[in-house]
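Colleague: I would like a close look at one part of this model. Please keep it brisk and define the terms as you go.

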Amino acid sequence: MLLRHTSKEVKVREGLTINPAKTCQPIGAMYAALGIHGCLPHSHGSQGCCSYHRSTLTRHYKEPVMAATSSFTEGASVFGGQANLLAAIDTIFAVYEPDIIAVHSTCLSETIGDDLQQMTKKAKDDGKIPEGKYVIYASTPSFIGSHVTGYANMVTGMATQFAESTGVKKSQFNIIAGWMEPSDMREIKRLAKVMGINIVLFPDTSDVLDAPQTGKHVFYPKGGTTVDELKSSGDSIASLALGSVSAEPAAIALEKKCKVPFETLDIPIGLSATDRFIMAISKVARVSVPEEVTTDRGRLVDVMCDMEQYLHGKRVALFGDPDQLLPLTEFLLDLNMKPVHIVSGTPGQRFEKQMRQLLDERSPATNFKSGLQADMFLLHQWMKNEPVDLLIGNTYGKYMARDEDIPFIRFGFPILDRIGHSYFPNIGYGGSLRLLEKILNAIMDRQDRDALEEKFELVM
Amino acid sequence: MMNDEKWCTCGACKTIGFQPRRGSIRVKGEEIPQQYFKGMAMEQIGILEGRERQVLEKNSDVAQADIACDTSSLSGSVSQRACVFCGSRVVLYPVADAIHLVHGPIGCAAYTWDIRGAVSSGPELHRLSFSTDLQEMDVIYGGEKKLYKSLIELIEQYKPKAAFIYSTCIVGLIGDDIEAVCKKVARETGIPVLPVHSEGFKGTKKDGYKAACHALMKLIGTGSTEDISKYSINILGEFNLAGEAWIIRQYYEKMGIEVVATLTGDGRIDAVRRAHGATLNVVQCSGSMTWLAKEMEEKYGIPYIRVSYFGIEDMSKSLYDVAVKFPDRPDIMEAAKQIVSEEVKTLYPSLQKFKKALTGKKAAIYVGGAFKTFSLIKALRSIGMSVVLAGSQTGNQDDYARLKEMCDEGTVIVDDSNPVELSKFILEKGADLLIGGVKERPIAFKLGIGFCDHNHERKIPLAGFIGMYNFALEVYQSVMSPVWQFAPRKGGSL
């Protein structure tokens, strides 16, 4: 048993994190930047950071992930990384020819005090940015927040550095995507189309990280939000931010800069969150909900009713990122399941408050911790004390699932050992139905496996 | 603005949308006379400015300059390389009964959590992820206290045989005295607590190997060498990916040789501590462990030899080369011959099916260390394949000279390559297979060619005689897969 050392007794730890339920900011910024068309993410730090982020994203998507690095040396860390960044900008535009370079910092460049705003301005003043090309940036120190924070910071950078207000409103709405998969972003666009509204979705990694096999290695696949779309986001009627941690900061920035009003919603995972999403679109865009959507909803509710007997009272442990955990917990409660333990390595008072509120109302006994030392070791200890029937989380959950011999559903980031997440959505009514199917399969497969011969049922 | 003027004549550039540079070639701003590059690749291929000297197309008709290597990557390149920390982490990672604490923000620990299939026959502490998860306040006020507390908590919880503390970029900047903390904790807990100076920016991955070896050197010599046979070796630079060290160890043991320590595959602290008792060091993966072998030679007078366990030829040689070192025991050589003859007798016929199918197919190799490239070229030749691209992330001058000698005319040799170059050369040279690691895999598949992971993520042992069979099978399965019928291949159509 790989986790044989996990003790049942929970002791307060002051320094140590064991088996983290988060990673650092820059990878989030890199992922977000891949959602801009023609953009090459650039990591301003040591070579290893860029390499690790690319490897992790490659393992998660099974796709080539392109990003450049400032390749810091000892000299750069003494004298500052400006020379490296300026040289990098030259090299990148000359050789890799992106439309945009999206620079993010690292713990190293932040600690030595590199100012990306000043440096990118200098690059512009020195004429290093060709006509019609762009360099945007986001400050993403690894010692603050988590990968989700880095994602939010880069998305905010897109809003503040591209959005323009021409004074003439366009008949369109912004949907600011919280951290979700390419499949989910594709589904958001489909739903908007079905609802009959024009949207600017940013970032948008569909057709970037789920590109088809073509016999070519394309540096800049066809997907991604375009610069024109990003610019026009300042003229949109309103923004819908999906996720208070990963998307709302960009909406706030856009309101500040271009006076685009916004509403923050959960990522539409599960019935209730999708209901709110659809109703919000309906309200803000003054459109009625088309029958297609209502029918999709009806199908989801139908399965929820058909199968409720297999779900009630089932105990679940889950870990992951705030914007996914909130609607997922709500969905589990709607299914009459019991979220017993919830852990997120991402810190944040807002999330803490929202989750507490949900749990206080509907599941006060749930163990919940976020931030420092909210790691998988703690979750595993909790599971040893109060066992569960199902575990939901990213790939790293497989150790706990194996050791405790409990069904496991992969959900979140990263998923290194299965495919599907980039192709099939987990959001909207259809995506929630898929998630429900997975939950049912996990539970019912286990029931079949463990059933005594005389109780082994054909019809379930 | 897509006109044909923009593209070079190779055809491949246009396919992947890469615009080569024409005219003068500059290295670090200085114009280099064209004749200097005669026979180098950039006449046909576009390469990142400043990278010209790290790429070479073998041409025996002209005098060619040496390839430039051992340099840091250009700022702004999409390099496939990693950092110092990565180097240290991969070398020490397989030591299974020690804890590996990463002192820094969370990322470095998160990305290196159980990513290497270095298997252990017993404890598996190495597969967990431990971090001090440094926060902003720690960066301002220093992380020593947090490191101390973390270490005490860890050692109490896991009761390890030793602890390795990796310093990351930020620790090098905020000036934590990790030596002092380690000493204090070692004193209080009674186990070796070893700092690994692996700040990411302080060099290349190779410097990380050295930092790891430095930590190992502190352990070696602290154990008892009583009862160690005169006919004994250490296996260096073998990380037991997919259980490869077990295979190798078994061969040597069959020859009547005692294996004192494997560094670091299926590694144990107690074995490392008595490694100085061995008579000979047998070094694989030259990049990572030659430094340690040299240190041990200097300090303990243990000679070393360089070997490789990939392919029939090199695998056999690695047994003979060890046997030769024990001339007073002819039975050792006899046993080596016996093993080779038995293994080859079954292996050789089993390879013929693959050879028949693969003859004439072309391979591209881009791996971490150069030494592995040599073996792979030989192994591929033994199954009928030629090598059209050979490169590494960390090869040195000698490696590349030898590589050039080994390669066929026209083979492209690269140091520290990037995806643009790789895809371009693969297309231009018409490779059917790419051998590489995690970041190269999807590139091969997007181009519609086969792939074999010869890096951390390999799932089956590729070392030893059985490894050669596995390798041939994997290459065969991938190159000959029916899926390529449905995939547009090599930049073209179906």
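How many residues of domain 2 of chain B are in contact with residues of domain 3 of chain B?

Modeller: This is a predicted model: local features need pLDDT of at least 70, side-chain atom pairs count only at pLDDT 80 or more, and totals for chains, interfaces and linings use all residues. Residues are numbered from 1 along each chain as its sequence is written, while chains are lettered from A and ligands numbered from 1 in the order in which they are written.

Now your question. 21 residues of domain 2 of chain B are in contact with 21 residues of domain 3 of chain B. Contact means that the C-beta atoms, placed from the backbone, lie within 7 Å. In chain B, domain 2 covers 84-219 and domain 3 covers 232-339. Domain 1 is made of two stretches, 1-65 and 351-494. These bounds come from an automatic or database domain assignment. The C-alpha centres of domains 2 and 3 of chain B are 27 Å apart.

On the domain 2 side, helices H2 (84-92) and H8 (205-219) of chain B each supply at least two residues. H8(B) gives the largest share, seven residues. Helices are DSSP runs of H or I, at least four residues, and strands are runs of E, at least two; both are numbered from the N terminus. By class, this side has 14 nonpolar, three polar and four charged residues. Here Ala, Val, Leu, Ile, Met, Phe, Trp, Tyr, Cys and Pro count as nonpolar, Asp, Glu, Lys and Arg as charged, and the others, Gly among them, as polar.

Chain B also meets chain A. There, 63 residues of chain A are in contact with 68 residues of chain B. Helix H4 (82-96) of chain A is among the elements that supply at least two residues to the chain A side. H4(A) gives the most, with ten. That side has 26 nonpolar, 26 polar and eleven charged residues.

Strand S1(A) and strand S5 (residues 130-131) of chain B pair antiparallel over two bridges. Pairing requires at least two DSSP bridges between the strands. Thr17(A) has Ser131(B) as its bridge partner in S5(B).

Last, the core. The largest nonpolar core holds 294 residues, and Ala250(A), Ala163(B), Ala364(B) and Leu433(B) touch the most other members. Such a core is a set of buried Ala, Val, Leu, Ile, Met, Phe, Trp, Tyr and Cys residues joined through C-beta atoms within 7 Å. Buried means 20 or more other C-beta atoms within 10 Å of the residue's own. Beyond four places in sequence, the contacts of Leu433(B) include Ala364(B), Ile449(B), Phe451(B) and Val475(B).

Technical notes
Contact = placed C-beta atoms within 7 Å. Buried ≥ 20, exposed ≤ 12 C-beta atoms within 10 Å, placed from the backbone.
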